[in-house]
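User: I'm new to this one and would like to know what the labels rest on. Can you walk me through them?

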Amino acid sequence: MGQGQADVAIQMLKECARNGDWLCLKNLHLVVSWLPVLEKELNTLQPKDTFRLWLTAEVHPNFTPILLQTSLKITYESPPGLKKNLMRTYESWTPEQISKKDNIHRAHALFSFAWFHAACQERRNYIPQEDNESQW
């Protein structure tokens, strides 16, 4: 989504809902002021059962929570890179959570777990993402 694409998106939304097709609207964080219009259109639709709408967006403080609350599934992808992944994990923790009662061993263990998690998330990009039970 970007400049001048709102009208096209609404037309596609109505057409796909009527035909039971799938539609993906990307980068909604670029058009947060338009999201109330999208919500209003979604509320007036009477789509076929096969209609699916996929929305993608980056984190934005003004993103309307109503779209999130009415969604069936929401995923949050980890940021690329070990450093960004570690920073995201550490930003979600308070200093008190990291070192309860000044326990240095706890802080070391939490760092080890956070680093291991970040490494696994980063390596996941290079592992085939197929369901192959015969390997296990």
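Analyst: Buried means under 20% relative accessible area, exposed means over 50%, and partly exposed is in between, with a 1.4 Å probe and protein chains only. This is a predicted model, where local features need pLDDT of at least 70, side-chain atom pairs count only at pLDDT 80 or more, and totals for chains, interfaces and linings use all residues. Residues are numbered from 1 along each chain as its sequence is written, and side-chain values use heavy atoms, leaving out hydrogens and water.

User: Why is Glu 41 called buried?

Analyst: Its relative accessible area is 19%, and the cut-off for buried is under 20%, so Glu 41 counts as buried.

User: And why does Lys 14 count as partly exposed?

Analyst: Lys 14 has 40% relative accessibility. That value falls between the 20% and 50% limits, so the label is partly exposed.

User: What makes Lys 14 and Glu 41 a salt bridge?

Analyst: The rule asks for a side-chain nitrogen of Lys or Arg within 4 Å of a carboxyl oxygen of Asp or Glu. Here the closest N and O atoms are 3.9 Å apart, so the pair passes. Lys 14 is in helix H1 (residues 6-19) and Glu 41 in helix H2, 27 residues apart. Helices here are DSSP runs (H or I) of at least four residues, numbered from the N terminus.

User: How many salt bridges does that rule give?

Analyst: The count comes to one.

User: Why is Phe 111 called partly exposed?

Analyst: Phe 111, found in helix H6, has 40% relative accessibility, so it counts as partly exposed.

Terms used: Helices (H or I, at least four residues) and strands (E, at least two) are DSSP runs, numbered from the N terminus.
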